[in-house]
Amino acid sequence: MSHKLDDLLDDLQPEITPQRDLWAGIERQLDRAPVEPKAPKPTARPWLPWAMAASLLVTSLGSFWLGQQQGGNQDQQFQMMLQLMANQHQQQRQRLQSRFELSQFETVNDSQSDAEGSGIQTLRDAAEQLFGALKQDPYNPDLLELWLWVQQRELELMQKQQQRQQRLHHL
């Protein structure tokens, strides 16, 4: 591959000459006097900067006032979003449970499945407590992150328990 490239490079002309003499045009351009930049025209509307500043001020104040008016509405929307997230988690949990029940595996009552079941219940209790705390302090990002993390661990533990039950059933 590199030999082909080297051959092609060797075949190229070392110098490309223009079709006509360009130096005469270049010298004429160099001999010209430099062009002075045109002075900006005086503004015909001296009130324009003041109008722009006033419109910016009115827009800012209007946005601030509207934000203050909708502050309570945002709290309701955030509470509704939290409830929606809790409902989605509940649906995911029910889907996992129903899929496991539909597969008709017999429940194995041993100490490990009891420990997993108590772990799931502990995670559910923690999620409920965190949800209550989020209702009191809805804008706390740490609480929200912890609540979501606990919910995810609950679903993962349920899946592990189901996979273990399936492996035991196959044995």
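Let's start with a pair of side chains. Glu 154 and Arg 93 are joined there by a polar contact of 3.1 Å. A polar contact here is a pair of N or O atoms within 3.5 Å; within protein, one must be able to donate a hydrogen and the other to accept it, and residues adjacent in sequence count only if both atoms are side-chain atoms.

A word on what you are looking at. This is a predicted model, where local features need pLDDT of at least 70 and side-chain atom pairs count only at pLDDT 80 or more, while totals for chains, interfaces and linings use all residues. Residues are numbered from 1 along each chain as its sequence is written, and side-chain values use heavy atoms, with hydrogens and water left out.

Back to Glu 154. It sits in helix α6, residues 141-170. Helices are DSSP runs of H or I, at least four residues, and strands are runs of E, at least two, numbered from the N terminus. Is Glu 154 buried or exposed? Glu 154 is buried, because its relative accessible area is 1%. Buried means under 20% relative accessible area, exposed means over 50%, and partly exposed is in between, with a 1.4 Å probe and protein chains only.

Which residues does Glu 154 touch, leaving aside neighbours within four places in sequence? They are His 89, Arg 93, Ile 120, Leu 123 and Arg 124. Contact means heavy atoms within 4.5 Å.

Take Arg 124 next. Its side chain has a polar contact of 2.6 Å with that of Glu 154. Arg 124 belongs to helix α5, residues 111-136. Arg 124 counts as buried because its relative accessibility is 18%. Beyond four places in sequence, Arg 124 is in contact with Arg 93, Gln 97, Glu 154 and Met 158.

Gln 151 is also in α6. At 8% relative accessibility, Gln 151 is buried too. Its contacts, with neighbours within four places set aside, are Ala 86, His 89 and Ala 127. Now compare Gln 151 with Arg 93. They are 58 residues apart in sequence, and their C-alpha atoms are 9.4 Å apart in space.

Now the core. A nonpolar core is a set of buried Ala, Val, Leu, Ile, Met, Phe, Trp, Tyr and Cys residues joined through side-chain atoms within 4.5 Å. The largest one has 13 residues, and Leu 82, Leu 130 and Trp 147 are among those with the most contacts inside it. Helices α4 (71-102), α5 and α6 each supply at least two residues of this core. Which helix gives the most? That is α5, with 5 residues. Look at Leu 130: apart from neighbours within four places, it is in contact with Leu 143, Leu 146, Trp 147 and Val 150.

Ile 26 lies in helix α2, residues 23-31. At 38% relative accessibility, Ile 26 is partly exposed.

Finally, the whole chain. How many helices and strands are there? The chain has 6 helices and 0 strands. Of its 171 residues, 18% are buried. Take the contacts between residues at least 6 apart in sequence: 83% of them join residues at least 24 apart. The chain exposes about 14700 Å², with 57% of that from carbon and sulfur atoms. Accessible areas come from the Shrake-Rupley method with a 1.4 Å probe, and for residues only the protein chains shown count as cover.
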